[in-house]
Amino acid sequence: MTLIIIVDTKTGNNVLRYTTDDVGNTVSVATTIGTGAHGTVCVSPNGMEYIFFRTSSSNIQRVKRDPMGNVITAASNVVTGNVSDDEIACYWRLGVVYLIYTHTTNGIIIVSSSDDAETFS
């Protein structure tokens with residue numbers, strides 16, 4: 001059982017990933033996931049990590065990591081443009097990855113992916 005912590009730094013604008021196996025008594029060295037803010041993570045039952053964050057160009061990017069921590073899909077856009085500078089969230093349910101964000105004009109949007117977070121609609 002590992003707790004994954006996603007943090008965005010206001011200085012440097014980096015999204016960092018930490019882990020802890022002992023309820024926060026010790027925390028791993030930070031791994032830089034990408035440049036952006038409002039990071040979020042969800043994990044499938046088999047341990048695949050889906051990390052999302054907002055970029056300064058109002059996009060949302062995704063990084064996919066396998067259960068061993070290897071990057072399977074490097075940071076790349078899954079939502080382009082018009083993403084508000086608000087928190088985002090994701091969750092995994094029955095083989096589908098859901099991403100929730102606020103669009104600058106259309107309000108709260110939920111997009112989903114049934115192909116292991118490769119494409120969203």
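Tutor: Beyond four places in sequence, Cys-42 touches Met-48, Glu-49, Tyr-50, Cys-90, Tyr-91, Trp-92 and Val-97. The model is a predicted one. Cys-42 sits in strand β4, which covers residues 37-43. Its relative accessible area is 5%, so Cys-42 is buried, the cut-off being under 20%.

The largest nonpolar core holds 16 residues. Phe-52, Ile-60, Val-79, Leu-99 and Phe-120 have the most contacts inside this core. Strands β5 (49-54), β7 (71-79) and β9 (96-103) each supply at least two of its residues. β9 gives the most, with three.

Look at Ile-60 in particular. Setting aside neighbours within four places in sequence, its contacts include Phe-52, Phe-53, Val-78, Val-79, Val-83, Ile-88, Leu-99 and Tyr-101. Arg-54, Ser-76 and Asn-77 are also in contact with Ile-60. Another core, of seven residues, lies apart from the largest one. Ile-4, Ile-6, Ile-51 and Val-63 are among its members.

Two backbone angles deserve a check. Val-23 is not a glycine, yet its phi is positive, at about 55°. Val-23 lies in the loop between β2 (14-20) and β3 (31-35). Its relative accessibility is 81%, so Val-23 counts as exposed. Ala-117, also a residue other than glycine, has a positive phi near 65°. Ala-117 is in the segment after β10 (107-113). Its relative accessibility is 0%, so Ala-117 counts as buried.

How values were computed
Residues are numbered from 1 along each chain as its sequence is written. This is a predicted model: local features need pLDDT of at least 70, side-chain atom pairs count only at pLDDT 80 or more; totals for chains, interfaces and linings use all residues. Side-chain values use heavy atoms; hydrogens and water are left out. Helices (H or I, at least four residues) and strands (E, at least two) are DSSP runs, numbered from the N terminus. Buried means under 20% relative accessible area, exposed over 50%, partly exposed in between (1.4 Å probe, protein chains only). Contact means heavy atoms within 4.5 Å. A nonpolar core is a set of buried Ala, Val, Leu, Ile, Met, Phe, Trp, Tyr and Cys residues joined through side-chain atoms within 4.5 Å.
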